Amino acid sequence: MYVSGGMTLIPSMKQRLAAPSDLIDLSSLPELEGIEQLNDAQGSMLRVGGLTRHNEIAGNALIQQHLPVLGRVAAAIGDNQVRNRGTLGGSIANADPAADLPAALLAMKALVNTQDRQISADEFFLDLFETALDAGDIVVSVDFAPPQQAAYEKFRHPASGYAVVGVLVARYADGVRVGVTGAGPCAFRACALEDALNQQFLPQALDTVAIPDAGFNSDMHASAEYRAHLIKVLTKRAVASLLS
Amino acid sequence: MSTSDSGSQSIAVTVTVNGEAHRLHVAPNTLLVTLLREHLGLTGTHVGCDTSQCGACTIHLDGAAVKSCAVLAVQADSCEVLTIEGLGSIDNLHPMQEAFRDCHALQCGFCTPGMIMQAVDLAQQSSDLDADAIRQGIEGNLCRCTGYQNIVEAVAKGASMMAATNTLAHEA
């Protein structure tokens, strides 16, 4: 098994939830490092290395200039010590249902680059802790499309810092994308909300949209019904913040 | 080659701790906090929750605050570690340690080493630390005694003392 930042894997091993016989440490692979703009044209994709630590994303000048919402998402993960170790690649490969970055990948048309192929975010997150990665695949980098505007709203669990629900709303010339995490077994795009916002980009446009809670997570932190409610509340807040 | 409880061989780890290089042989599943406390006798770093929440195990790894209970010792190979013992001493307190003393920012002291290591990281990241930024910055460190108020004051005071004297973490 690969280890990147280890912020999920090591604690999982300590709790005997994971027991790999061998670990391969990815942290000294230079191919997995770096943040770059793919070309100089306006709106060109931003490529972020799989080994990039969350605090590196939060503090990076290119990201602050072209993709500031990603910096804000990364800065909202866990706590400072976790952000100094946890990585983009590790986070999405693990695909915790309450992780923040998957919502950002979905909302920002991300492309996941492995050693030998490219997987679009829409095809990447499949089910609980399940992604389109095959055994042996490494997340070498992720390409993001800078939106015209974007906002991330997160209902943060006060102890763990995970997203009870997190919503990233991104506006592009060809329409709105809404990435949701925390509500279901994996992150997903809220297509009903996207359709409504494409008609009218106002919080009120979501009033009549029903979010069915079938299949949503229900646990001691929040019921499925409450998570469905939070999706709408957070999406409205994100839209409102982009309009102000 | 020695065996350990994990039934597998030892791994050699070379790590510089508080400026001193060490070469140790540890079981592969040894945590960094265990290497520091039990192999090197540096017991200032504490194991509180052992589940990555409380931050009592916080040290600096290559200059950044991390929770050493969530890092394997072998991941620190060829790295530099700074523990609370390396930050300052009783005769030569680091400004952040002075601030914690001056502001009465500890009672039992169990969270304090980790809290101070995180506070120093915070102060190095940003010179603009208001109470909100400090409270957010120490989210990874739990204190059961103080209610955090004096800790927040100490971090602010320590950060400005560090800036005034141009003190970084490694200058004790």
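## Contacts of A:Ala107

In this predicted model, A:Ala107 touches A:Ala150, A:Leu168, A:Val169, A:Ala170, A:Arg177, A:Val178 and A:Gly179. Residues up to four places away in sequence are not counted in that list.

## The largest nonpolar core

A:Ala107 is also among the residues that touch the most other members of the largest nonpolar core. This core has 126 residues. Domain 1 (11–86) and domain 2 (88–165) of chain B both contribute residues, so the core lies between them.

In soluble globular proteins, nonpolar side chains tend to be buried together.

## Two domains in chain B

Chain B splits into domain 1 (11–86) and domain 2 (88–165). Their centres, taken over C-alpha atoms, are 21 Å apart. Across the boundary, 15 residues of domain 1 are in contact with 11 residues of domain 2.

On the domain 1 side of chain B, strand 3 (58–61) and strand 4 (64–67) each supply at least two residues. Strand 3 gives the most, with three residues. By class, this side of domain 1 has seven nonpolar, eight polar and no charged residues.

## Where chain A meets chain B

Between the chains, 13 residues of chain A are in contact with 19 residues of chain B. On the chain A side, helix 1 (9–14) and helix 5 (80–85) are the elements that give two or more residues. Helix 5 of chain A gives the most, with five residues. The chain A side comprises four nonpolar, five polar and four charged residues.

How values were computed: Residues numbered from 1 in each chain as written. Chains lettered and ligands numbered in written order. Predicted model: local features only at pLDDT ≥ 70, side-chain atom pairs only at ≥ 80, totals over all residues. Core = buried A, V, L, I, M, F, W, Y, C linked by C-beta atoms within 7 Å. Buried ≥ 20, exposed ≤ 12 C-beta atoms within 10 Å, placed from the backbone. Domains from an automatic or database assignment. Contact = placed C-beta atoms within 7 Å. Helix = DSSP H or I, 4+ residues; strand = E, 2+ residues; numbered from the N terminus. Nonpolar A, V, L, I, M, F, W, Y, C, P; charged D, E, K, R; others polar.
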